[in-house]
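Trainee: Could you walk me through this model, one step at a time?
Mentor: Gladly; have a look at it first.

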Amino acid sequence: METVLTASSASEPPGDAARGLARLRELSPDILAAAVLTRSGQPIASDPAGDWQGAVAGLWAAAEATEATGAGAGPDAARVHIGTEDGEVFAVRDDAYAVVAVTRRFALASLMLADLRALLRDLDAEPQSPASSEEVSA
Amino acid sequence: MTPKPYRFVLDRVAGYAEEVSAFMRRRRLRSKPFARVAWPGGAIRSFDAETEEGAALFLAAAAVIGLAGDPEE
């Protein structure tokens, strides 16, 4: 069954975030799941659907609870990469958006982060409207 | 002078063995759970699961990974 992403409902055309997410998954077969959210945590697109808002908020909260040390450390974490036996989590964010991806173990981190940052740049080029994500099957 | 055939074979085998051992070493290192956080200025910190901060990160990551479902399905 093919999965198609929509920004808010089946009647609306998929936004750039959903298209970007679909392209990201095509480019990176290691990705098992991914989501685009606003900086404040509102989901814009996700694949598969789920409580990304709560899970990602927990991730950034845990990252922010860590203290940045060393020269140049800013107040908010911009990138999180966690590897566990069950898979890896990549999360990047800028002033407007956040992109989170779950991959298999041993995914190429540099490539994955480059893909996520590219998606962030694309999103910054064309602002998205936050909406609840929904998954439909074609 | 052309190297003797067995030297050529030895060199090739040793080369491949080194590649394999380096690959296995990298894979062994990466197989350990890790958590890294980076900041806009370029600072990066790693956290062990034994620390309070690391445990919180791994717990949060488990929730995110749970959204992907079972990859074997």
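Predicted model: local features only at pLDDT ≥ 70, side-chain atom pairs only at ≥ 80, totals over all residues.

Mentor: Residues are numbered from 1 along each chain as its sequence is written, chains are lettered from A and ligands numbered from 1 in the order in which they are written, and side-chain values use heavy atoms, with hydrogens and water left out.

Trainee: In what order do the elements of chain A run from the N terminus on?
Mentor: Helices (H or I, at least four residues) and strands (E, at least two) are DSSP runs, numbered from the N terminus. Chain A has three helices and seven strands. Their order is β-α-β-β-α-β-β-β-α-β.

Trainee: How many residues of strand β6 (residues 97-103) of chain A are buried?
Mentor: Buried means under 20% relative accessible area, exposed over 50%, and partly exposed in between (1.4 Å probe, protein chains only). In a regular strand, side chains alternate between the two faces of the sheet. Here A:Tyr97, A:Val99, A:Ala101 and A:Thr103 point one way from β6(A), with A:Ala98, A:Val100 and A:Val102 pointing the other way, and all are buried. The strand is therefore largely enclosed by the rest of the structure, and the count is seven of the seven.

Trainee: Which residue in β6(A) is the bridge partner of A:Val92?
Mentor: Two strands pair if DSSP finds at least two bridges between them. Strand β5 (residues 87-93) of chain A is antiparallel to β6(A), with six bridges, and the two form a hairpin with three residues between them. The partner of A:Val92 is A:Val99.

Trainee: And which residue of β6(A) does A:Leu37 stand opposite?
Mentor: Strand β2 (residues 31-38) of chain A also pairs with β6(A), in the antiparallel sense, over seven bridges. Opposite A:Leu37 stands A:Ala98.

Trainee: What value does phi of A:Phe106 take?
Mentor: A:Phe106 belongs to the loop between β6 and α3 (109-125) of chain A, and at 28% relative accessibility this residue is partly exposed. Its phi is positive, in a residue other than glycine, with a value near 65°.

Trainee: Moving to chain B, which residue in β2(B) is the bridge partner of B:Arg36?
Mentor: In chain B, β1(B) and strand β2 (residues 44-47) run antiparallel and are joined by four bridges. Their hairpin has five residues between the strands, and B:Gly42 there takes a positive phi near 110°. The partner of B:Arg36 is B:Ser46.

Trainee: What is the relative accessible area of B:Lys32?
Mentor: B:Lys32 lies in the loop between α1 (5-30) and β1 (34-38) of chain B. B:Lys32 is exposed, and its relative accessible area is 53%.

Trainee: Where is B:Glu53 found, and how many Å apart in space are B:Glu53 and B:Met24?
Mentor: B:Glu53 is in helix α2 (residues 52-66) of chain B and is partly exposed at 26% relative accessibility. B:Glu53 and B:Met24 are 29 residues apart in sequence, and their C-alpha to C-alpha distance is 29 Å.
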